[in-house]
Amino acid sequence: MAKKVSDSKAGPAGAKAKPQPKVSADGKTIRAPLTQNPHAIRDTREKVLEVAIGREVRAFRKKLGITVADLAVATDISLGMLSKIENGITSPSLTTLQALSRALGVPVTAFFRRFEEERSAVFVKAGQGLDVERRGTRAGHQYNLLGHIGSNTSGVVVEPYLITLTEDSDVFPTFQHEGMEFLYMLEGEVVYRHSSNLYPMKPGDSLFFDADAPHGPEQLTKLPMRYLSIICYPQSAG
């Protein structure tokens, strides 16, 4: 006789059960640990060069739509060696780099592109940020851009603003734009809307949210008001 399956576990054939979040003894959801180490350091410069070359080799290979095995045949380099190169474990010789450049159709110098890119930093003295025009400016919201780095190795654009609202400012709870946004209250008080939720914010409070939903100040409780707004969104391709 066939074994009966309870309705609670029934599902499409071959479908995997959705993993359930872990819950502690007091009923709180246990969040998975973050994988990014904010205190991590790079290895030696030589090691960083190996990693940079490996990333470029992998990127060019994937752009061509070929496998490691295909590249091994085209270059007469073993699969094991190619794996070590792509993972930054070993330093390829000039002869090996030349073979890879021919097979991938790029100059040898292309493998050093990421390593040689300048890493930028922007320092802004107090009161010297750039006043900019944004959608909220018409509502009396003063935007002070605290720094901007365009094209960069992370693939993410970050815009940090110091926003000031005064007696001349209006509520404007309908901002919508791509990316994520982080707010940190410095002065004053506000009831801030995100989608259908309202958050009363005082100095020291913060709010992190998906900026694609309507958001903005719903009630200006105590003025003047200043808060940091950090907007992050993907870098445009090309």
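**Exercise 1.** Determine in which hand α2 passes α3, and which residues make the contact.

*Solution.* Helix α2 passes α3 in a right-handed crossing, meaning that the near helix is turned clockwise from the far one by less than a right angle. Here helices are DSSP runs (H or I, at least four residues), numbered from the N terminus. On the side of α2, the contact (heavy atoms within 4.5 Å) is made by Val68, Ala69, Leu71, Ala72 and Thr75. Leu79, Leu82 and Glu86 are the partners from α3.

The model is predicted, and local features need pLDDT of at least 70, while side-chain atom pairs count only at pLDDT 80 or more and totals for chains, interfaces and linings use all residues. Residues are numbered from 1 along each chain as its sequence is written, and side-chain values use heavy atoms, with hydrogens and water left out.

**Exercise 2.** Find how the axes of α2 and α3 are oriented.

*Solution.* The axes, lines fitted to C-alpha atoms over the stretch in contact, come within 9 Å for α2 (residues 68-75) and α3 (residues 79-86). They cross at roughly 115 degrees, on a scale from 0 to 180 degrees between N-to-C directions. The two helices are therefore roughly perpendicular (65 to 115 degrees).

**Exercise 3.** Explain why the buried residues of α3 line one face of the helix.

*Solution.* First, list the buried residues (under 20% relative accessible area, 1.4 Å probe, protein chains only): they are Leu82, Ile85 and Glu86. Next, look down the axis of α3: these residues fall within an arc of 95 degrees, so they line one face. The arc is that of the directions from the helix axis to the C-beta atoms. Finally, α3 is followed by Gly88, with a positive phi near 70 degrees.

Note on methods. Angles under 35 degrees count as roughly parallel, over 145 as roughly antiparallel, 65 to 115 as roughly perpendicular and the rest as oblique. Buried means under 20% relative accessible area, exposed over 50%, partly exposed in between (1.4 Å probe, protein chains only).
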